[in-house]
Amino acid sequence: METLLPTSVQIPKVLTIAGSDSGGGAGLQADLKVITALGGYGMSVITAITAQNTLGVTRIQDVDLDVVESQIDAVISDIGVDIVKIGMLASPEIVQTVAKTLRKYGSKKVVLDPVLRATSGASLGGDDTAQAIIKELFPLAFLVTPNMDEASLLLGRDIASPDEFKSAAQELLDLGSQSVLIKGGHLDRAHTQITDYLMWRTNEDDLEVVQSKEFKHYRVNTANTHGTGCSLASAIATYLAAGHDLSHAVAKGIAYVEAGLEAGRFLSIGEGPGPLWHMHDFYPTALLDEKKS
């Protein structure tokens with residue numbers, strides 16, 4: 001039976017390869033919310049199943065390597081992807097499997113969020129995983145988005161202040177990625193202004209040029225910050241898939257997360273730090289007395 005519906009409408013197709021967060025605030029659950037909210041078509045490859053909530057991570061179960069590979073095969077061979085966002089990869093073996101399979105398909109646009117430790121402090125990948133990420137995935141990455149703790153783990157030295165972001169970004173760029181965004185949100189709360197630092201390679205007159213840009217913004221006064229890193233990387237990936245250039249995609253991604261943090265300030269989800277509100281454009285939130293005023 002022939003369909004009467006048009007089949008030529010295209011929307012950005014974004015594949016997230018990440019761990020599952022049973023609490024719904026981070027991981028692939030957050031990724032899919034972001035991708036959908038920003039007008040993309042989200043697909044997922046589960047690399048690990050976590051038992052977690054707003055209070056922390058209590059258990060992690062890696063997905064079998066052949067199942068990880070089969071998920072990637074299934075999505076790319078049929079639907080295709082415009083961009084791949086990578087999050088939690090809990091072991092060197094999973095890193096190698098993901099890298100091998102993406103190379104098979106010649107994936108060119110990869111946003112790599114090197115999730116190595118949860119906000120609660122739980123380890124989501126040790127030094128061996130960090131080294132595997134550098135070796136296997138940095139050369140495939142269009143953009144790498146570590147926070148300060150992750151940058152420290154990847155470089156093997158402490159990154160303690162924004163004054164060190166430029167040198168750290170250059171070191172990370174030298175490891176093989178096309179661009180690096182170091183996120184400053186993990187500075188202590190005495191810092192009311194956050195600096196995110198972007199460095200990228202570009203070609204001008206057949207010469208490679210390294211450019212950089214700082215994004216300064218004020219910290220949103222909220223405890224509900226669970227999933228901000230996942231959400232930012234997914235937002236940037238979706239904007240890139242929609243055709244925005246790197247600097248613009250980063251700026252729009254930061255603005256989206258800021259709006260989600262602001263909208264989620266008063267949400268009561270769980271007993272610990274809750275998530276930002278990903279659907280703020282569709283379902284605004286406000287305190288009851290704010291609604292009356």
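Thr228, Ser231, Leu232, Ala235, Ile236, Tyr239 and Leu240 of helix H7 are in contact with Leu246, Ala249, Val250, Lys252, Gly253, Ile254, Tyr256, Val257 and Leu261 of helix H8, where contact means heavy atoms within 4.5 Å. Helices (H or I, at least four residues) and strands (E, at least two) are DSSP runs, numbered from the N terminus. By class, this contact of H7 with H8 comprises twelve nonpolar residues, three polar ones and one charged one. Ala, Val, Leu, Ile, Met, Phe, Trp, Tyr, Cys and Pro count as nonpolar, Asp, Glu, Lys and Arg as charged, and the others, Gly among them, as polar.

The model is predicted: local features need pLDDT of at least 70, side-chain atom pairs count only at pLDDT 80 or more, and totals for chains, interfaces and linings use all residues. Residues are numbered from 1 along each chain as its sequence is written, and side-chain values use heavy atoms, with hydrogens and water left out.

H7 spans residues 228–241 and H8 residues 246–263; the two pack at an angle of about 140°, with their axes 8 Å apart. Axes are lines fitted to C-alpha atoms, for helices over the stretch in contact, and angles run from 0 to 180 degrees between N-to-C directions. The angle makes H7 oblique to H8. Angles under 35 degrees count as roughly parallel, over 145 as roughly antiparallel, 65 to 115 as roughly perpendicular and the rest as oblique. The crossing of H7 and H8 is right-handed. A crossing is left-handed if the near helix is turned anticlockwise from the far one by less than a right angle, and right-handed if clockwise.

In the protein as a whole there are nine helices and nine strands. The protein has 293 residues, and 51% of them count as buried. Buried means under 20% relative accessible area, exposed over 50%, and partly exposed in between (1.4 Å probe, protein chains only). The accessible surface of the protein is about 14100 Å², and carbon and sulfur atoms account for 51% of this area. Accessible areas come from the Shrake-Rupley method with a 1.4 Å probe; for residues, only the protein chains shown count as cover. Of the contacts between residues at least 6 apart in sequence, 67% join residues at least 24 apart.

A second pair consists of helix H2 (residues 65–78) and helix H3 (residues 92–104), which pack at an angle of about 25° with their axes 10 Å apart. At this angle H2 is roughly parallel to H3. H2 and H3 cross in a right-handed sense. On the H2 side the contact is made by Leu65, Val68, Glu69, Ile72, Asp73 and Ile76, and on the H3 side by Glu93, Ile94, Thr97, Val98, Lys100, Thr101, Leu102 and Lys104. These residues divide into seven nonpolar, two polar and five charged.

The axes of helix H5 (residues 148–155) and helix H6 (residues 165–173) come within 11 Å and cross at roughly 50°. H5 is therefore oblique to H6. The crossing of H5 and H6 is left-handed. Met148, Ala151, Leu154 and Leu155 of H5 meet Phe165, Ala168, Glu171 and Leu172 of H6. Seven residues of this contact are nonpolar, none is polar and one is charged.

Three residues were examined individually. Glutamate 171 is located in H6 and is partly exposed, with a relative accessible area of 32%. Apart from its neighbours within four places in sequence, glutamate 171 is in contact with Leu155 and Arg157. Between glutamate 171 and alanine 151, 20 residues apart in sequence, the C-alpha to C-alpha distance is 9.9 Å.

Glycine 156 lies in the loop between H5 and H6. Its relative accessible area is 68%, so glycine 156 is exposed. The C-alpha atoms of glycine 156 and aspartate 127 are separated by 9.1 Å, while the two residues are 29 residues apart along the chain.

Tryptophan 277 is in the loop between H8 and helix H9 (288–292). With 24% relative accessibility, tryptophan 277 counts as partly exposed. Not counting residues up to four places away in sequence, tryptophan 277 touches Gly260, Ala263, Gly264, Leu267, Tyr283 and Thr285. Tryptophan 277 and glycine 25 are 252 residues apart along the chain, and their C-alpha atoms are separated by 9.0 Å.
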